[in-house]
Amino acid sequence: MKADQVDAGYLGAPSQARSFARSAAAQKIRERLIEFGMLLCAFFSVLITAGIVWVLLVESWHFFENVSIIDFLTDTQWTVLFENPRYGIMPLVTGTLVTSGVALLVALPLGTIIAIYLSEYANNTVREILKPILELLSAVPTVVFGYFALLLVTPLLQSVLPELPGFNMLSAGLVMGIMIIPYVSSLSEDAMKAVPVHIREGSYAMGATRLQTALRVLVPAAFSGIASAYVLGFSRAVGETMVVTVAAGTQPNLTLNPLEGAATITAYIVQVSLGDLPHGSIAYQSIFAAGLTLMCMTLLFNIAGYLLRKRFREIY
Amino acid sequence: MEKPSHSEIEKSVSRNKNRDKLFAVLGLLATFIGMLTLAALLADLAINGWARLQPHFFTSFPSRFAGQAGILSSWVGTILVMIVTAVAAIPIGIGAGVYLEEYAPKNWFTAMIEINIANLAGVPSIVYGLMALGLFVYQFRFGQSILSAGLTLALLILPIVIVATRESLRAVPGSMREAAYALGATKWQTTSDHILPYSMGGILTGVIIGLSRAIGETAPLITIGALTFIAFLPDSPFKAEFPFISFNWIWSPFTVLPIQMFNWVSRPQAEFHLNAAATGLVLMVLTLAMNGIAIYFRYRFRKRIKW
């Protein structure tokens with residue numbers, strides 16, 4: 001609507017019509033400015049990603065100017081802070097994989113069972129009470145979980161396995177597993193809930209029990225969503241820092257035995273950051289190379305999850 | 001194919017029914033494992049930490065002697081860092097959410113931003129710390145300060161605020177927008193006078209949950225160089241002379257509650273573990289209270305608004 005076309009008689013006087021037109025134009029500029037400002041806010045998130053990629057790549061580049069990438073990938077020792085430093089990322093990668101593996105062994109079965117239970121068995125009241133309580137698990141600060149793993153779970157495990165050292169990957173992994181249950185369970189539950197009711201009813205009409213329906217119909221139908229939940233669980237486990245730093249120790253150790261202690265990639269980054277390393281030294285750059293490795297691991301797993309989802313996607 | 005006998009069918013049906021019931025028990029048990037862990041955690045912190053929670057614990061600086069040590073510098077640090085985080089994350093997060101939900105045209109640019117936000121939510125928090133170390137601390141020369149820390153955590157919780165904003169905007173029915181447009185309101189007038197107030201409950205919930213996550217974050221702040229032993233307070237924000245407030249504190253070195261707890265838990269002496277438990281108890285009370293408020297808001301706003 002053009003303001004100068006408005007009937008002047010209705011507005012009272014021509015001068016009022018002019019001021020109305022002026023304010024409408026000002027209004028329009030204001031609208032544009034506000035929209036542009038909010039566009040910038042949204043675009044800001046892209047800048048964050050760019051910043052992350054840029055910092056990791058640039059600092060890792062400097063690192064790989066000093067350290068050959070072949071040594072980095074194949075050497076079996078990581079002794080950056082020692083006299084004769086060796087730069088093999090393998091021990092940190094195995095530490096990360098073992099702790100995450102233990103965590104996933106806990107979180108995936110429990111998370112899936114809880115998801116099936118909440119989506120197919122529990123009535124509304126029970127679900128409304130249980131779900132928020134369960135989600136509190138992911139709200140607990142991770143350093144508190146670290147305390148819990150080191151000072152409560154490890155002594156408990158030691159009463160069963162007397163050989164277990166004070167720092168071990170088993171207790172860190174177990175606690176981390178409990179911690180990521182809500183991520184796995186709530187995404188899986190959403191996926192199962194999204195399966196159309198008539199598919200469920202079809203299964204019941206054939207005489208299937210709730211369990212049969214859940215395992216043979218809903219889980220396959222919701223597979224793509226459940227796979228996303230698993231991938232998210234893995235990303236959380238790989239990137240988790242404080243639990244493993246506190247409970248699994250900071251000693252790089254090339255082993256697949258969860259009963260030993262070993263540093264993870266994240267624990268190494270924390271250990272270096274706690275010391276006062278000069279900006280620009282190789283040890284300083286090494287934490288960015290470690291961070292880049294971490295990102296690559298998560299990315300690889302996300303791509304694998306994506307391909308898996310594409311292969312098994314069910315569309316209704 | 002041989003026909004199964006009647007008794008065989010009966011057996012198989014009852015077996016399946018039993019399995020079904022067994023799974024119901026299993027499901028409940030699995031849920032209880034999670035809740036038991038939470039209860040054990042709280043009980044352990046309370047048993048070990050309760051005795052330390054004396055007034056002087058909140059008014060003392062850390063010390064070589066576990067019995068005299070306190071969390072003064074870390075709780076002040078936590079509050080100041082949270083102020084910076086909130087000031088940075090809330091406007092940007094809500095702005096981005098409103099843009100994507102109300103304004104954004106459907107094109108590749110919008111799609112890119114949306115995919116990007118979804119991916120950011122999955123980036124490990126320590127990677128944000130590395131990014132902040134490279135950018136904020138050294139590139140922008142903010143140093144190892146409260147400002148760097150607050151901005152780092154703001155980036156970390158931005159996806160949470162954006163997603164919460166979008167979800168609660170989406171819950172406002174389209175008829176509200178149409179009614180406002182019909183009365184001649186502009187897009188921004190519609191959004192700011194009608195849509196945003198209706199969705200405030202959901203947005204607030206997201207902000208509180210985001211901040212409660214930021215309070216517990218440790219790793220990214222260690223990465224940017226938070227100190228673990230601080231025996232002084234940042235410059236006071238309030239001054240006796242004009243202009244009465246000062247922002248020098250944002251450049252101050254800092255420590256926060258989870259880092260103080262980490263420091264105490266990684267010491268070998270059991271004495272300090274009690275301090276860690278007490279700090280953990282404070283942290284748990286803070287995060288559980290914030291989450292409780294968020295759940296209450298969600299519940300209340302869902303109940304009160306009927307379209």
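Residues are numbered from 1 along each chain as its sequence is written, and chains are lettered from A and ligands numbered from 1 in the order in which they are written. As the model is predicted, local features need pLDDT of at least 70 and side-chain atom pairs count only at pLDDT 80 or more, while totals for chains, interfaces and linings use all residues.

Reader: What makes chain B more spread out than a compact globule?

Author: The radius of gyration, taken over C-alpha atoms, is set against a globule rule of 2.2 Å times the number of residues to the power 0.38. For the 307 residues of chain B the rule gives 19 Å, whereas the radius of gyration is 25 Å, well over that figure; chain B is therefore more spread out than a compact globule. Along the principal axes, its C-alpha atoms fill a box of roughly 90 × 65 × 40 Å.

Reader: How many helices and strands does chain B have, and what counts as each?

Author: Helices are DSSP runs of H or I with at least four residues, and strands are runs of E with at least two, numbered from the N terminus. Under these terms chain B has 11 helices and 0 strands.

Reader: What are the domains of chain B, and where do their bounds come from?

Author: The bounds come from an automatic or database domain assignment, which gives domain 1 (6-50) and domain 2 (54-304) in chain B. Their centres, taken over C-alpha atoms, are separated by 36 Å. Contact requires C-beta atoms, placed from the backbone, within 7 Å; 5 residues from domain 1 of chain B and 6 residues from domain 2 of chain B take part.

Reader: Which residues touch the most other members of the largest nonpolar core, and what makes it a core?

Author: A nonpolar core joins buried Ala, Val, Leu, Ile, Met, Phe, Trp, Tyr and Cys residues through C-beta atoms within 7 Å. Buried means 20 or more other C-beta atoms within 10 Å of the residue's own, exposed 12 or fewer, and partly exposed in between, with C-beta atoms placed from the backbone. This core has 176 residues, and those touching the most other members are Ala149(A), Val175(A), Val243(A), Val246(A), Ala247(A), Ile157(B) and Val161(B). Helix 4 (residues 90-121) of chain A gives the most, with 17 residues. Beyond four places in sequence, the contacts of Val243(A) include Phe145(A), Ala149(A) and Val175(A).

Reader: How many residues of each chain take part in the contact between chain A and chain B?

Author: Chain A gives 68 residues and chain B gives 67 residues. On the chain A side, helix 2 (residues 14-66) of chain A supplies the largest share, 20 residues.

Notes:
Two residues are in contact if their C-beta atoms, placed from the backbone, lie within 7 Å.
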